[in-house]
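Let's take a friendly walk through this model together. Keep the structure open beside you as you read.

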Amino acid sequence: VRSVRLGQLDGRTARIVADLQTPASYALDRSSDGKTITIYIDTADPARQVIVIDPGHGTLSEWDSYVPGAIGPSGLREWDVNRRISMLLGNILLNEGYTVIYTNENNTGLSLEERALVAGLSGADLLVSIHSNASTNRSLSGTMTFYYDAPEYEQGSTRIQKSIALAGFIQAELLNRLQREDKGVQKANFAVLRNCSIPAVLVEVAFISNPVEEKLLADPAFQRRAAEAIALGIKRYYNYSE
């Protein structure tokens, strides 16, 4: 970092600009009271593994509104949970020496297809999309991890096999750390997985529609355990791949 500049755009918005000497990877961490934001910046070493983190939802729509995802019984927004877990995950991975790229850190105009494109264009090794599940049946609970339900001709490809392995490692660590019901590793035709050219998984941490799990998802300690579990699953995947 050569220098850091601060601009007050209006009464509610400030902008921080870091002038860089080389390409960099960075992550943000907000304190539990919301008063402090820590910015971690590190060199984007091409020799490091590159991981794309996709915080689910937050897509801008008409009139500059955004899609918050599912809403819990008490009003908790899925986007807020997904973003928090994603930022925590990015910080952990950055401090472990990985290069981290986010598809979005705030509300974004990127479509699901474009989020997947970020992974391919960035030369990343894998993509992890973070979500909180929801159902009209509020008694449903648990953790599940998805990989792409590829057509038959592609099911044996390296991309799909690596996605299955990654999903398995992440799901196992989430179950160990969160102690929620095992909803399994499953395949799905989600756009962010279907359009991704590298190994990719979508994690449903818990059900925001379930009153008990909504409270857990709002808990910073639970969010951190989820992030730690996903990070450990990624590390196990790399050890397996090597």
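Which residue takes a positive phi just after H3? That is Gln179, with a phi of about 60°. Keep in mind as you look that this is a predicted model.

Now turn to the helix itself. H3 is made up of 21 residues, and its first and last C-alpha atoms are 30 Å apart, close to the 30 Å expected at 1.5 Å a residue. H3 lies across S7, S8, S9 and S10, and its direction makes about 175° with that of S8.

Those strands belong to an open sheet of 6 strands, which you can trace in the order S6-S5-S7-S10-S8-S9. The pairing in this sheet is mixed. Strand S6 (99–102) and strand S9 (182–188) are at the edges with a single partner strand each, so one side of each has no neighbour in the sheet. On average, neighbouring strands are turned by 20° against each other, direction ignored.

For a closer look at one pair, find S7 (residues 126–133) and S10 (residues 200–207), which run parallel and share 6 bridges. Here Ile130 has Val203 in S10 as its bridge partner. Helix H2 (residues 112–121) also packs on the sheet, where it touches S5 (50–55), S6 and S7. The direction of H2 is at about 170° to that of S5.

Finally, look at the loop between strand S8 (143–148) and helix H3 (158–178), where you will find Glu154. Is Glu154 buried or exposed? Glu154 is buried, because its relative accessible area of 17% falls under the 20% cut-off. Leaving aside residues up to four places away in sequence, Glu154 touches Tyr148, Arg159 and Ile160.

Key. Residues are numbered from 1 along each chain as its sequence is written. This is a predicted model: local features need pLDDT of at least 70, side-chain atom pairs count only at pLDDT 80 or more; totals for chains, interfaces and linings use all residues. Side-chain values use heavy atoms; hydrogens and water are left out. Helices (H or I, at least four residues) and strands (E, at least two) are DSSP runs, numbered from the N terminus. Buried means under 20% relative accessible area, exposed over 50%, partly exposed in between (1.4 Å probe, protein chains only). Contact means heavy atoms within 4.5 Å. The expected span of a helix is 1.5 Å times one less than its number of residues. Two strands pair if DSSP finds at least two bridges between them. Axes are lines fitted to C-alpha atoms, for helices over the stretch in contact, and angles run from 0 to 180 degrees between N-to-C directions.
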